[in-house]
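Thanks, I will keep this short. Please have the sequence and the model open while I talk.

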Amino acid sequence: MLQDFFQSYLAAYQPFKSYWNYEDGCVLQGCRALYAVTDVACYRDFIMHYLDGRVAGDGSVPSFLQGQYCLDSFQCSKALFFADAIAPHGKFARALRHHHEYLRQHPRTQSGLLWHKGIYPQQVWLDGMYMLMPFLAEYAVWSATDAASCIEEIRRAFAFVRKNMCDLETGLYRHGMDEARVQPWADPQTGLSASCWLRGTGWLLMALVDCIGLLSDVDAPLQSELIAMLRQSVQALLPYRSESGLFYHVIHAPALEGNYTETSGNAMVAYTLLRGGVMGVLSPEQAEIGARMLECLCDQKCVRQPGGFVLSDICRSAGLGGATHRDGSGAYYCSEPRVQNDPKGVGAFMMAHAALLQWRQMNLSARSAG
């Protein structure tokens, strides 16, 4: 059922925006994950068709909004590694080098971290950890010349988030931090936003598990640091799972009016637990929780309609500042519209399903060997 849903979704897919954007990047990452485990050609072909029409022969991407200094853009850039493996040493390799070079001009916070966006000065968001850090980890594998600088960036960013953005009372992570402590949504003492947003937590967890999977041959000590951070983060999160088997949109406030079990964030957590289980950095019991979460998503959020299946209860968008109502409160997050088949949710759902297939294959092989 899910393979049919994914393939029909891709067949009808229209780019989310006219420019290089992270929403499309979520679907591309879902295709990468599914192709790796199923070898079904439509996932490979979707990626190659998407990129081939956007990357020029010299490696430039005319629709990449370079001057906006937006970390979100690098989610789409991750697919370039896949394309370069299929058509090596050509325009996709040149595009990868261009994108890595863009970071040299990217503005930095007082602590030396890259701004989330040019329009969000001195701010670090959990979203940006996922958009950029796995790109840098894969770039470190891909380019030995630039590996050291990539590793330094990854280590600095995760250490900062661990030290400054974790709520000491709950062990959960706040969505954003303003190092300048001037934004209306930021606590004047800590600079932190007020809430622990599920999709923000999902971005962070996926950043951790993806970087862990890439760093074993590049920097084992950093990999060990990230494994410890992942385990601590998962241990703090799991007690908040609801009786339905899923987490709430505003994790720490299940009784908040309008709160609900949001699909994209739950898919991200399920992916993390399953992928962590496959890699052996999370326990089999935690991986099985991820499997049950994915089953809950299928039962509760994947709805059959006359035109086919739709994935429901996806938060359309959420952020901090930029508009007067984005104050970081739980009420704000719950006020954002819920939509169906949004690529942030479907892409994460694809990744989680691919991780489930890997988990099942690994367990089947282990039973056969035994």
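I start with a local piece: β3 and β4 form a hairpin, with two residues between them. Strands here are DSSP runs of E with at least two residues, helices are runs of H or I with at least four, and both are numbered from the N terminus. Before going further, this is a predicted model, in which local features need pLDDT of at least 70 and side-chain atom pairs count only at pLDDT 80 or more, while totals for chains, interfaces and linings use all residues. Residues are numbered from 1 along each chain as its sequence is written, and side-chain values use heavy atoms, leaving out hydrogens and water.

Strand β3 covers residues 302-305 and β4 covers residues 308-311; they run antiparallel and are joined by four bridges. Two strands are called paired if DSSP finds at least two bridges between them. Which residues face each other across the pair? Val303 stands opposite Val310 in β4, and Arg304 stands opposite Phe309 in β4. In a regular strand, side chains alternate between the two faces of the sheet.

Pro121 sits between α6 (91-102) and β1 (123-125). Leaving aside residues up to four places away in sequence, Pro121 touches Trp115 and Asp178, where contact means heavy atoms within 4.5 Å.

Now the whole chain. Its secondary structure comes to 14 helices and six strands. The C-alpha trace spans about 50 × 45 × 45 Å along its principal axes. Of the 370 residues, 59% count as buried. Among contacts with a separation of 6 or more, 70% come from residues 24 or more positions apart.

Definitions and conventions. Buried < 20%, exposed > 50% of the residue type's maximum accessible area, 1.4 Å probe, protein only.
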